[in-house]
Amino acid sequence: MTIGGFAVVLYVLEAFDTIARDNPLDQWGIEPRTLDGLWGILFAPVLHFGWGHLLANTVPFLILGFLVLMSGIGRGLAATGIIWVIGGVGTWLTGGVGAHAGASVLIFGWLTFLLVQGIFTRSFGQIVLGVVVLFVYGGMLWGVLPGQYGISWQGHLFGAIGGVAAAWVLSADTRRKGDSASPTIGSIGTTRPLR
């Protein structure tokens with residue numbers, strides 16, 4: 001319901017932008033290296049440049065967002081927040097001329113989050129999920145490279161970096177527990193970590 005509700009918000013915003021004169025919401029995208037463009041860090045992931053743009057993002061948005069939230073609503077929302085900020089700031093710092101907007105920042109972040117969280121948490125189930133996600137959506141990763149004119153590869157790249165950062169930050173407790181729970185051998189009263 002959470003990711004579905006989020007998707008509905010995207011459609012409501014695009015409907016408003018379509019009905020209103022001159023697509024007023026499009027100006028709220030990220031304008032790199034401008035003071036006004038900083039507002040885009042907050043708004044760009046929920047804005048799209050037309051229905052085609054939004055429709056292209058919808059299916060991966062729903063699937064990858066759902067899979068991220070399956071790790072827990074709080075954890076999924078924290079990951080989304082980290083991706084949102086890193087993706088937005090990175091795009092603002094490095095983006096090309098013109099406005100940058102679209103949920104693809106989140107999509108690329110969720111993709112890389114799902115790909116690496118199993119490695120960081122040492123969870124077999126999450127590693128398997130990462131392999132399945134890589135098989136289905138791995139081709140999208142080419143989108144982090146400069147390519148098609150008019151597509152913000154910077155947003156894709158920094159969204160992906162944000163996903164890896166989110167997986168690392170949110171697995172810190174698991175990594176610490178794993179280190180402290182290392183199997184030991186030795187006589188009674190003494191322990192030596194297995195190396």
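I began with the side chain of His100, which makes a polar contact of 2.7 Å with the side chain of Ser152. I note here that the model I am reading is predicted.

I then asked where His100 lies, and found this residue in the loop between helix H4 (73-94) and helix H5 (104-121). Is His100 buried or exposed? With a relative accessible area of 10%, His100 counts as buried, because the limit for that label is under 20%. Leaving aside residues up to four places away in sequence, I listed what His100 touches: Gly29, Ile30, Pro32, Ala44, Phe49, Thr91, Gly95, Ser152 and Gln154.

Next I looked up salt bridges, of which the structure holds 1. The side chains of Arg21 and Asp22 form a salt bridge, at 3.8 Å from N to O. I checked both partners for exposure: Arg21 is exposed, at 74% relative accessible area, and Asp22 is likewise exposed, at 67%.

Last, I turned to the largest nonpolar core, which has 33 residues and in which Phe61, Leu64, Trp110, Phe113, Leu114 and Val133 have the most contacts. At least two residues of this core come from each of helix H1 (2-19), helix H3 (51-69), H4, H5, helix H6 (124-137) and helix H7 (153-170). Which helix gives the most to this core? I found that H5 does, with 9 residues. For Phe61 I also wrote down the residues touched, again not counting those up to four places away in sequence, and they are Ile3, Phe6, Ala7, Leu10, Phe66, Ala103, Leu106, Ile107 and Trp110.

Terms used
Residues are numbered from 1 along each chain as its sequence is written. This is a predicted model: local features need pLDDT of at least 70, side-chain atom pairs count only at pLDDT 80 or more; totals for chains, interfaces and linings use all residues. Side-chain values use heavy atoms; hydrogens and water are left out. Helices (H or I, at least four residues) and strands (E, at least two) are DSSP runs, numbered from the N terminus. Buried means under 20% relative accessible area, exposed over 50%, partly exposed in between (1.4 Å probe, protein chains only). A polar contact is a pair of N or O atoms within 3.5 Å; within protein, one must be able to donate a hydrogen and the other to accept it, and residues adjacent in sequence count only if both atoms are side-chain atoms. Contact means heavy atoms within 4.5 Å. A salt bridge is a side-chain nitrogen of Lys or Arg within 4 Å of a carboxyl oxygen of Asp or Glu. A nonpolar core is a set of buried Ala, Val, Leu, Ile, Met, Phe, Trp, Tyr and Cys residues joined through side-chain atoms within 4.5 Å.
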